[in-house]
Amino acid sequence: MAQATYDAVIIGGGPGGSAAATFLARGGRRVLLLEKEHFPRFHIGESLLPYNHRIFHEMGVMPAFESAGFTIKRGAQFLLGNGSKTLNLAFRNGRFTRETTAFQVERATFDHLLLQHARSCGAEVREGWTVTKVVNDTAQVAVQARAENGQTEEFRAGFLIDASGRANLTGNQQGLRVIHQHLKKVAVFGHFEGVPMDTGERAGDILIVRLENKWFWLIPISPRKVSVGCVMNQREFAVAKLAPAEIFQRTWQSSATMRARMKDARLLSTPQATTDFS
């Protein structure tokens, strides 16, 4: 098995991994990022917060985001599922607000731009490489990985950053992961067109619709495309024994607020479900 040595090895090329790789590379460190997939790839988690902007400026990636034409997000709206109450929050009204806008992003594009930026800053990025094992010794960490063609290699570094997200690679390997019993959730989601969102300054708002024991997000990621998802308890999802699309439709039809938004919606992607999502 071939070996190579770095200052830092990063597992995962999502926003956290790409940001860490960018800062390390710009600081003159030799850094390797290992990502098991090939970008662009689909992902959820599409609604950002204003204070991300400061990080993007520090990374030097803001011009690329502005050129990408992401939806501008100026606030958030919280609605009860029966339509009885609404709370509108505008970022500019925050008491300590220094950033008044954020982005709504399609993660395939957003994550790809971040990964490309990390590479352009000098990080070594390997896509299609799956980390299989991590071993710590007194001075370094050894990371074993496998390429898609079956090639295996070991990388050594003074530091390891596990940015594998909910996959929690090192936590699972070392038996450190603890599941919170009240946060066993499933998200069922898809991309739609024909979902009416607000106009004017609130056109880019995220909508959070609260039902008795679950909640929906509606995120306008382009002028025609809206990400809609429902977060519910894993047990409720399992007991239903239905396909994600059926559970999703049954749930939004139970809410007056969601019926008003989804009555003319047209599905652009097959509804999916993912666990460990609160």
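**Cores and rings**

Setting aside neighbours within four places in sequence, Met 258 is in contact (heavy atoms within 4.5 Å) with Val 209, Phe 216, Leu 218, Val 228 and Trp 252. A caution before going on: this is a predicted model, where local features need pLDDT of at least 70 and side-chain atom pairs count only at pLDDT 80 or more, while totals for chains, interfaces and linings use all residues. Residues are numbered from 1 along each chain as its sequence is written, and side-chain values use heavy atoms, with hydrogens and water left out.

Met 258 is among the residues with the most contacts inside the largest nonpolar core, which has 21 residues. By nonpolar core I mean buried Ala, Val, Leu, Ile, Met, Phe, Trp, Tyr and Cys residues joined through side-chain atoms within 4.5 Å; buried is under 20% relative accessible area, with a 1.4 Å probe and protein chains only. β14 gives the largest share of this core, 4 residues. Apart from it lies another core, of 15 residues, including Trp 129 and Phe 155.

Now the rings. There are 14 aromatic pairs, that is, Phe, Tyr or Trp rings (six-membered ring for Trp) with centres within 6.5 Å; planes under 30 degrees apart are stacked, over 60 edge-to-face, the rest tilted. Phe 70 and Phe 110 pair edge-to-face, at 6.2 Å centre to centre and 65° between the planes. Both are buried.

Technical notes: Buried means under 20% relative accessible area, exposed over 50%, partly exposed in between (1.4 Å probe, protein chains only). Helices (H or I, at least four residues) and strands (E, at least two) are DSSP runs, numbered from the N terminus.
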